[in-house]
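Q: Could you take a close look at one part of this model for me, the place where the two chains touch? I'd like the contacts spelled out with their cut-offs.

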Amino acid sequence: MAMALRAAVIGTGVISKEHLSFLNTSARSQLVAVCDLSKISAQYAAQRYQAQATFADYRQMLTEVKPDVVHILTPPHTHKWIAKDCLEAGAHVICEKPLTPTHEEFRELWAIAQKCDRYLIEDHNYRYNEPILAIEKFVTDGTLGEVQEVEVRMALNVRSGGAFADENIPNPVHKLPAGVIHDVITHLVYLTLRFLPVEFERISAAWSNHGGGTLFKYDDLDAVLIGGSKHARIRFSAHTLPECFDVIVRGSRGYAQTDLFQPYLRCVVPRKAGKQLSPLVNHYINGSNLVKASVGNFSRKIMQRTPYEGLQRLLDETYTALQNGNPPPITFEDMDHTSRLVEALLAEGNRV
Amino acid sequence: MKLLITGASGFLGQYVVVEALRRGHQVRAVVRPSGDVTRYTWHDHPSVEFARVDLRCQEGLTSAIEGVDAVIHLAAAKAGDFYTQFAGTVIATENLLRAMVEAKVLRLVAISTFSVYDYVKMENNTLVTEDAPIESNPLERDEYAQTKLIQEQLVREFENTHQALVTIIRPGMVYGRDYLWNACLGAELTDTLWLRIGARATMPITYVENCATAIVLASEKEAAIAQTLNVVDDNLPTQREFAKKLLKRMTVPAKLIPVNWALMNSLTWVLWYYNKIILKGQAKFPGIFVPAKLQARFKPLQYTNAHAKEILGWTPKYSLDDAFERSSSDADLLAVSPQASPVSA
């Protein structure tokens, strides 16, 4: 195996646990440094995940440690300038979403990456979750037929407690163009585009703040997108429970659906038993799968497997590619299209 | 004295504020910016002022501290995931200590917890003193214990690096009005169905008013500087005795499912070995099925408050019966007269 890449992490908040646990265990990486403005946070992360050094100043870290790869896990409004410095210091950048608040800033950052001959990679982790990979297989092997519709729906109780509802220290994400929804919209959009990689000519996006108040800019998004004969719906709700992350892909032969927070897989397609018996067989197979999922999800909870399982797979593929001098799995087109579509959803002309 | 009290709006914090006022101190109470201070009966006391800052960020902290004689640091996060508790307990303390250095205030009474001890290393019926071993494997413990351990480490560094005048108070389980149930009894399955784990273990508890007095005394007494003090009440009850008193005061008494301590302890060790050997340590079981967490709550041990009494000249004023009586009464326990005479150390 090629030499392990020297990795560094900037920002040791909640998501750092997922990145650091990969870096701590992967033979493809060597965790050389962690950096955080809070000295004790960096010390804790370094001790817990066996990093070789800690820093409070990322520029000092870049100069002294010269990492091959930097994971940027800081609040979104800081990504651009930190990523620029990392790329110019000769490091590939893996950055949490959203990479930048606007498409224009993404293109600027991409140009810097090109100039520095480094890769810039946005975290599209849910693309690598098992149920999404399974649905992808249904698409590629023709089980679903030609994909016609995609619905991606996330329900998160962001208004009742937690970091987003904290009025004492308003989360910086509230200042992004889509407010708190900007924290997850990248996921909603790249999953839509994964199954419907088309240009949507007609977009109708309803942004609402049903809960009111000044802290939240929006707490609800209901968007319909049409490109040719293909339809997509992107939905975010803060007022429906239970929390879920539903993905439904409908093709010309059948459909598949999952919930990435409580994983299961349902696939309704014509079965070998024939037209008359297919509904029965679908109910039987999907019912069995649901029972298995209930046991499996209990086991997942005990075994601490979280919805971030895809991140481990994404990072492994990314590090493998970087080690071998190949392009990483998340491409410019993936990020560019995602960023453009987020912008289109926010565009005044597309609002209803 | 002028005392800055963090966590002033919390359960214990409010009683500490009131006790400080009763003893004639001036209080600068730290409350979060969005907090409604008018809900505290003592909010308009002439010796109270508020510092509206959030310890999780540094902004405004130094000026909030400037001019006080001592800091009583109670603020901590007791709920939420690890990172929420890390921010509310560890980063909050890191910011506070940095601001104290900047404000040149180096007298600190830091409130820690019994959770920092290593209960697995103690034999049954050991007397838990301030010299008992500190948890050596924090990852086996809950988020609260993990973050309070790091907090104590920060406070020790502050003491050593800046020659600060530090007292660490480790209260046992603090109980009082609205907080009569505590985790040393068992697990609340529902409001009226409890799992009681063990019956004969002594409970390391302190009634909130007794504890508040000890904390304020610690800020007053020079003898408390550089000391670590365990704070529990006298004549500690067993789990059975406490549960009996608690059930008597419930309008609809809960049903108890008693579970033998030795049986439960054995079961957790079986699960622990299964997890370590078969599941490669990847499993996370509920707290009562993890030996280190179970023992921290239910292990039969002995406790002493001798050192706190000697250093502070403190005697817990309220017995268990008094505490239950007061907690169940209609009396305003947080009432404080506008006039109080300053006490001398």
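A: Let's start with the polar side: 7 residue pairs are in polar contact across the interface of chain A and chain B, both residues at pLDDT 80 or more. A polar contact here is a pair of N or O atoms within 3.5 Å; within protein, one must be able to donate a hydrogen and the other to accept it, and residues adjacent in sequence count only if both atoms are side-chain atoms. Keep in mind that this is a predicted model, where local features need pLDDT of at least 70, side-chain atom pairs count only at pLDDT 80 or more, and totals for chains, interfaces and linings use all residues. Residues are numbered from 1 along each chain as its sequence is written, chains are lettered from A and ligands numbered from 1 in the order in which they are written, and side-chain values use heavy atoms, with hydrogens and water left out.

As for salt bridges (a side-chain nitrogen of Lys or Arg within 4 Å of a carboxyl oxygen of Asp or Glu), the count between the chains is 1. Asp166(A) and Arg56(B) form a salt bridge through their side chains, at 2.5 Å from N to O.

Counting contact as heavy atoms within 4.5 Å, chain A brings 19 residues and chain B 22 residues.
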